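Morning, everyone. Please look at the screen while I talk you through this one.

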Amino acid sequence: MRVWLASAPGSTERLNEDFVAASNDVVVLLDGAGTPTGTESGCSHGVAWYARQLGAQLLIEASVTPRRPLTEALAVGINRVRDMHADTCDLTHPGTPSATAIAVRRNGRDLEYLVLADSVLVLDVLDGAPTVVTDDRLAQTSRTLRSEMDALPTGSPEHAKALRSYTESLASYRNTEGGFWVANTDPAAATHALTGSLPADTVRAAALLSDGASRLVDRFGLTDWTDTLKLLGEEGPAELIRRVRVAEDSDPHGERWPRGKANDDASAAYCWLSGIRSDPEPVAPSVAPTAKSKGPFLELERAFDLVRSRRDSNPQPSDP
Ligand SMILES: [Mn+2]
Ligand SMILES: [Zn+2]
């Protein structure tokens, strides 16, 4: 399995609360549920810490014990992270950090997956349209709760207030029958994940997307899953995120596309599953990204070129 990853925070002022990582056979992607500024959470570590700890534990469990089902690996991870801060934080607080989770594992001839909450898994199957696995229970629960927030301009104080009250009212539906399920402190949530397995040789590639990356399709409607897989294969995850930012920046107040955050953390993993030896070369992201897909790296490279050109015009005395 070959894997390409990209992740970018929605704002330079906040930590990236998504987490994406891969081992030889496993890829995990989590989206920590953002606690809006000014909301009490009971946890001094925060959402980014939670998503990173849980993602790392899930990656370890799923990789080291391939015979253990992914739901069990997630439950073990939830327990471990809970134990890390049960003594120092109030984990009964309704605002306690939580996260979505996707895990994909190549296990012998099978490709196994787990999807909990609203991150999106897109499978590029050999015959037919992409298979999209996402858990819409949060979207169904939130449909009525978010109408007040969505009517207000994103970034305004009224919107921020409505976002806080929306987040607080969602808490009573979290991890309850009839509500929606996410990873937080209760390992039983793992048993509510969508899971499945299919022969690995029927899948060309798999894409794991946080909702900050999937929004180009499922919120903005600017492209479809087929073209998204093509873009990921040809230009890589960073280019997908760059396009999300361009769309978000064209609608900073959420008038065209109402949303909780003008820019959300965005993460994508693209896993190429076909064999490495005999298959034709995959339509893989080029190793050297083009200028248009470089994004922030372009500025880094320009700064580096400047340093280098100054150094070259003032050569240091050579060693004796
Ligand atoms: Mn998100
Ligand atoms: Zn904590």
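Predicted model: local features only at pLDDT ≥ 70, side-chain atom pairs only at ≥ 80, totals over all residues.

Residues are numbered from 1 along each chain as its sequence is written, and chains are lettered from A and ligands numbered from 1 in the order in which they are written.

Now the overview. The protein chain has 10 helices and 10 strands. Those are DSSP runs, numbered from the N terminus: helices are H or I with at least four residues, strands are E with at least two. Of the 320 residues in the protein chain, 40% are buried. Buried means 20 or more other C-beta atoms within 10 Å of a residue's own; exposed means 12 or fewer; partly exposed is in between, and C-beta atoms are placed from the backbone. Next, contacts: two residues are in contact if their C-beta atoms, placed from the backbone, lie within 7 Å. Take the contacts in the protein chain with a separation of 6 or more: 73% of them join residues 24 or more positions apart.

On to the first sheet. It is open, with 5 strands in the order S2-S3-S4-S5-S8 and antiparallel pairing. Strands pair if DSSP finds at least two bridges between them. Which strands sit at the edges? Strand S2 (18-22) and S8, each pairing on one side only. From one strand to the next, the twist averages 10°. For angles, axes are lines fitted to C-alpha atoms, for helices over the stretch in contact, and values run from 0 to 180 degrees between N-to-C directions.

Let's walk across it. Strand S3 (residues 26-31) runs antiparallel to S4, with 4 bridges. There, Val-26 stands opposite Arg-105 in S4. S4 and S5 are antiparallel too, over 7 bridges. Ala-101 has Leu-116 in S5 as its bridge partner. S4 and S5 form a hairpin with 2 residues between them, and Gly-108 in the turn has a positive phi of about 60°. Then S5 joins S8 through 6 bridges, again antiparallel. One pair there is Leu-111 with Leu-198 in S8.

Why call strand S4 (residues 101-107) largely enclosed? Because 5 of its 7 residues are buried.

What lies across this sheet? Helix H2 lies across S4, S5 and S8, at about 45° to S5. Its buried residues include Leu-74, Gly-77, Ile-78 and His-85. The buried residues of H2 pack against H1, S4, S5 and S8. A length check: H2 (residues 70-85) has 16 residues and should span 22 Å at 1.5 Å a residue; its end C-alpha atoms are 23 Å apart, which agrees. The expected span is 1.5 Å times one less than the number of residues.

Another 5 strands form an open sheet, ordered S1-S10-S9-S6-S7, with antiparallel pairing. Strand S1 (2-8) and strand S7 (131-134) are at the edges with a single partner strand each, so one side of each has no neighbour in the sheet. Neighbouring strands here are turned by 15° against each other on average, direction ignored.

S1 and strand S10 (residues 266-272) are joined by 7 bridges and run antiparallel. Val-3 stands opposite Cys-271 in S10. Helix H8 (residues 237-249) packs on the sheet, touching S1 and S10, and makes about 150° with the direction of S10. Helix H7 (residues 225-235) lies across S6, S7, strand S9 (203-209) and S10, at about 95° to S9.

Now the core. In soluble globular proteins, nonpolar side chains tend to be buried together. A nonpolar core here is a set of buried Ala, Val, Leu, Ile, Met, Phe, Trp, Tyr and Cys residues joined through C-beta atoms within 7 Å. The largest has 73 residues, and Leu-74, Ala-103, Leu-208, Ala-268 and Cys-271 touch the most other members. Helix H1 (residues 47-64) gives the most to this core, with 7 residues. Leaving aside neighbours within four places in sequence, the contacts of Leu-208 include Val-27, Ile-102, Leu-121 and Ala-268.

Last, two loop residues. Ala-117 lies between strand S5 (110-116) and strand S6 (120-125). Its phi is near 70°, positive in a residue other than glycine. Is Ala-117 buried or exposed? Buried, because it has 28 C-beta neighbours inside 10 Å. Asn-175 sits in the loop between helix H5 (157-171) and strand S8 (194-199). Its phi is positive as well, near 55°. Asn-175 is partly exposed, with 17 other C-beta atoms within 10 Å.
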